[in-house]
Structure formats: structure tokens, C-alpha cells
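Reader: I'd like to learn how to read a helical model feature by feature. Can you walk me through one?

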Amino acid sequence: MRLKDANSDTTGDRVGPAEAYDWFAKTLHWGMAAALLGLGLLGYYMSGQPFSLRTFKLFDLHKSLGLIMLGLAALRLFRRWQKGAPEPLTQGTKTWELLLARIVHLALYVLMFAVPILGWIGASASGLPMTWFGLADIPSITPADKWVQDWAFLMHEWGVWLLLACVGLHAAGALKRHFMLKDETLVRMLPFGWALAARLRRKKRLPKY
């Protein structure tokens, strides 16, 4: 549902955003955020474990989930290309803030692909067998090479930290807009958030007796 004015909040049921995100975009957004957190915690835990059959299985699980993340990133990019996205709200935002938001958003998309691909390269270069949840073999995309393995895993680790930093900046920007600028940048991405905001604003406009 398109609203008349993306950067105003005046009368009627208009609550700020030019469009609300649909359920599919919201599911992808929050599902990938949860998966990223889970993969990061799993990677941190397993990297501190001594090599064993159990650790090998944890690495295999990490690889399997990483490939799912790569597929979801591709689906998200395709969806964005096919459907587009609501226009960003710009009222009260400085030019450098808009530029930073665009850079962070672009970096998020690049890293969503780069991080799992670097992990796949490192795992392939290790020469160890890889399976997807034990159901099918994961093909190697580079020959076994210790230098490539070390380089790819180092870049993978740095990429994870950079991705988490970008997620933090992304979240901080949304929270600032929600609590300081009081627009619906955050609300329209929350489940039922846009409709809830409309109900709350209608309630505020009801006469008191």
C-alpha cells in the first residue's frame, strides 16, 4: 500500500513510510539477522575447540548453514531487483547520514556474499571432505592449498567482524530514527509494525471525554 507522502506525518492514516515492507521481505530480513547471529556464535565457539570428530561435525554444520545464508542472500538480492524497496525517509536527516546509510547498506549486501564465499574457498583449500548436513557432498571450488586456506579463513574472519560492524551501524541508524527523529523507518520493518503505528496514532487523535 503506497502512502501519499514519504516524509510527512500530518492527517489521516499516514504514518510516514512510502510503503510498508511486505511479509516476505520482513521474513528474509529478520531470518537472516538471526541466522547471522547464530553462525557467528557457532563459528566463535567451534574455533576454540580442539580438533576432534565432534569439532569436524560442527565445522560441517557451519558450512551447511553458511551455504543456506548464501542462497538467502541471492534470493534477497533477486527480490530487491524484482520488487524494489520502499523509498528511505529523509526528513531531518543530514546529507552525510544518508551517504553513510547507503554505504553501509551496500557493504551489507557485498559482505553477505563475500563472507560465505570466502569460507567456502577456505574449506575447499583445506582438502577435507564437505557435506551439506550429511545429505550431499559440497563441491570444492579451489584445489587444496595451505596458503589459500589460511588467507581465505583470515579474510572470512575479518569479513565477519566487518559485517557485524555494519549490522551495528544499520541498527543504530534505525534506532536513532525511531527514538530521536520519530519516523517509521524501524516500525515499517517490524512484524505488524506499520499497522500498529497507524493504530497508535489514530488512538492519540481520538477525543478525550
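This is a predicted model: local features need pLDDT of at least 70, side-chain atom pairs count only at pLDDT 80 or more; totals for chains, interfaces and linings use all residues.

Reader: Which residues does UniProt list as "transmembrane region"?

Author: The unreviewed UniProt entry lists 28-46, 61-78, 99-123 and 158-175. Its positions are in the numbering used here, feature names are shortened, and annotations may be inferred rather than shown by experiment. In the model, residues 61-78 are 100% helix and 0% strand, with end C-alpha atoms 26 Å apart. Residues 158-175 are also 100% helix and 0% strand, again with 26 Å between the end C-alpha atoms.

Reader: How far does α4 reach from its first C-alpha to its last?

Author: Helices here are DSSP runs (H or I, at least four residues; strands are E, at least two), numbered from the N terminus. The expected span is 1.5 Å times one less than the number of residues. With 36 residues, α4 reaches 51 Å, close to the 52 Å expected.

Reader: Which residues have the most contacts inside the largest nonpolar core?

Author: A nonpolar core is a set of buried Ala, Val, Leu, Ile, Met, Phe, Trp, Tyr and Cys residues joined through side-chain atoms within 4.5 Å. Buried means under 20% relative accessible area, exposed over 50%, partly exposed in between (1.4 Å probe, protein chains only). The largest core has 13 residues, and M32, M69, L108, L111, M112, L163 and C166 have the most contacts inside it. Two or more residues come from each of α1, α2, α3 and α4, and α3 gives the most, with six. For contacts in general, heavy atoms must lie within 4.5 Å. Leaving out residues up to four places away in sequence, L108 touches L163, C166, V167 and H170.

Reader: How many aromatic pairs does the structure hold?

Author: Four. Rings of Phe, Tyr and Trp (its six-membered ring) pair if their centres lie within 6.5 Å; planes under 30 degrees apart are stacked, over 60 edge-to-face, the rest tilted. W23 and F24 are edge-to-face, 5.6 Å centre to centre with 90° between the planes. W147 and W151 are stacked, at 6.4 Å and 10°. An α-helix has 3.6 residues a turn, so residues three or four places apart point the same way. W147 and W151 both lie in α4, four residues apart.

Reader: Is R177 buried or exposed?

Author: R177 counts as buried because its relative accessibility is 10%. Beyond residues up to four places away in sequence, R177 touches L89, T90, Q91, T93, K182, D183 and T185.

Reader: And where does Y21 lie?

Author: Y21 lies in the segment before α1, and is partly exposed at 23% relative accessibility. Y21 and M189 are 168 residues apart in sequence, yet their C-alpha atoms are 6.0 Å apart in space.

Terms used
Residues are numbered from 1 along each chain as its sequence is written. Side-chain values use heavy atoms; hydrogens and water are left out.
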